[in-house]
Amino acid sequence: MKKGLLVILSGPSGVGKGTVRKYIMSNFKLDLSYSISMTTRAKRDKEVDGVDYYFVSKEEFQRNIDEDNFLEWEEFVGNRYGTPKDKVEELRNQGKHILLEIEINGAQEVLRKINDDRVISFFLMPPSLDALEARIRRRKTESEDIIQERLQKGVKEMGMTEQYDHIIINDDIARASQEIVDLIKLKIKKGR
């Protein structure tokens, strides 16, 4: 059985990764499974444990670090986020295509660890810094200090696109998502 494709969707916080991911996942012809990240941050109102993230204690997260069970993990604004290696590899070995929606540092770590021809990576770019700020503020979930920290980090991250296979401008959710879907289909077709 051929190993499943690993699709990496990354970009700065607030660029619309979650919305684009949902659009991509709604294309059932791709037969993608979503890799659920683990985090120590508090659950937001509309988020569901085991669907959006695995919400865990700091102790449980540390156990996974100690057991080397992350493809990547990082700490940001006092919380930890990581991709459980065992879940991803189990599905890929079954021939399933996996979508990772992760931050920039995590994507770079995964790209260093998994270097095979069954990986395709996308950097989702905002149309402008003003658009990114507006999206972050629309959430109404973070303090001004956190917003400013996310914006500063976003500016830095937008200069780190060279490792990605494709840079996609998210100026229109449907258009950007369809562009990614088309590129994934092409990669799957080439891999047969």
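This is a predicted model: local features need pLDDT of at least 70, side-chain atom pairs count only at pLDDT 80 or more; totals for chains, interfaces and linings use all residues.
**View 1. The open sheet has five strands.** Helices (H or I, at least four residues) and strands (E, at least two) are DSSP runs, numbered from the N terminus. The strand order is β2-β7-β1-β8-β9, and the pairing is parallel; two strands pair if DSSP finds at least two bridges between them. Because β2 (32-34) and β9 (166-169) each have a single partner strand, they stand at the edges, and one side of each is left without a neighbour in the sheet. From one strand to the next the twist averages 25°; axes are lines fitted to C-alpha atoms, for helices over the stretch in contact, and angles run from 0 to 180 degrees between N-to-C directions. Helix α3 (residues 85-93) packs on the sheet, where it touches β1 (6-10), β2 and β7, and its direction makes about 150° with that of β7. Contact means heavy atoms within 4.5 Å.

**View 2. Strand β1 pairs with β7 and β8.** Five bridges join β1 to β7 in the parallel sense, and five bridges join β1 to β8, also in the parallel sense. Ser-10 stands opposite Ile-102 in β7, whereas Leu-9 stands opposite Phe-122 in β8. Five of the five residues of β1 are buried, so this strand is largely enclosed by the rest of the structure. Buried means under 20% relative accessible area, exposed over 50%, and partly exposed in between (1.4 Å probe, protein chains only). Leu-6, Ile-8 and Ser-10 point one way from β1, and Val-7 and Leu-9 point the other way.

**View 3. Helix α1 has buried residues on one side.** Lys-17, Val-20, Arg-21 and Ile-24 are buried in α1. They lie on the same side of α1 because they cover an arc of only 105° around the axis, the arc being that of the directions from the helix axis to the C-beta atoms. Lys-17 has a relative accessible area of 6%. Leaving aside its neighbours within four places in sequence, Lys-17 is in contact with residues including Leu-9, Ser-10, Glu-101 and Leu-124.

**View 4. The largest nonpolar core has 40 residues.** A nonpolar core is a set of buried Ala, Val, Leu, Ile, Met, Phe, Trp, Tyr and Cys residues joined through side-chain atoms within 4.5 Å. The residues with the most contacts inside this core are Leu-6, Ile-8, Ile-24, Ile-180 and Ile-184. Strand β8 supplies the largest share of the core, six residues.

**View 5. Ser-57 lies in a loop between β4 (53-55) and α2 (58-66).** With 33% relative accessibility, Ser-57 counts as partly exposed. The side chain of Ser-57 reaches the backbone nitrogen of Glu-60 at 3.1 Å. Ser-57 and Asn-69 are 12 residues apart in sequence and 16 Å apart in space, C-alpha to C-alpha.

Key. Residues are numbered from 1 along each chain as its sequence is written. Side-chain values use heavy atoms; hydrogens and water are left out. A polar contact is a pair of N or O atoms within 3.5 Å; within protein, one must be able to donate a hydrogen and the other to accept it, and residues adjacent in sequence count only if both atoms are side-chain atoms.
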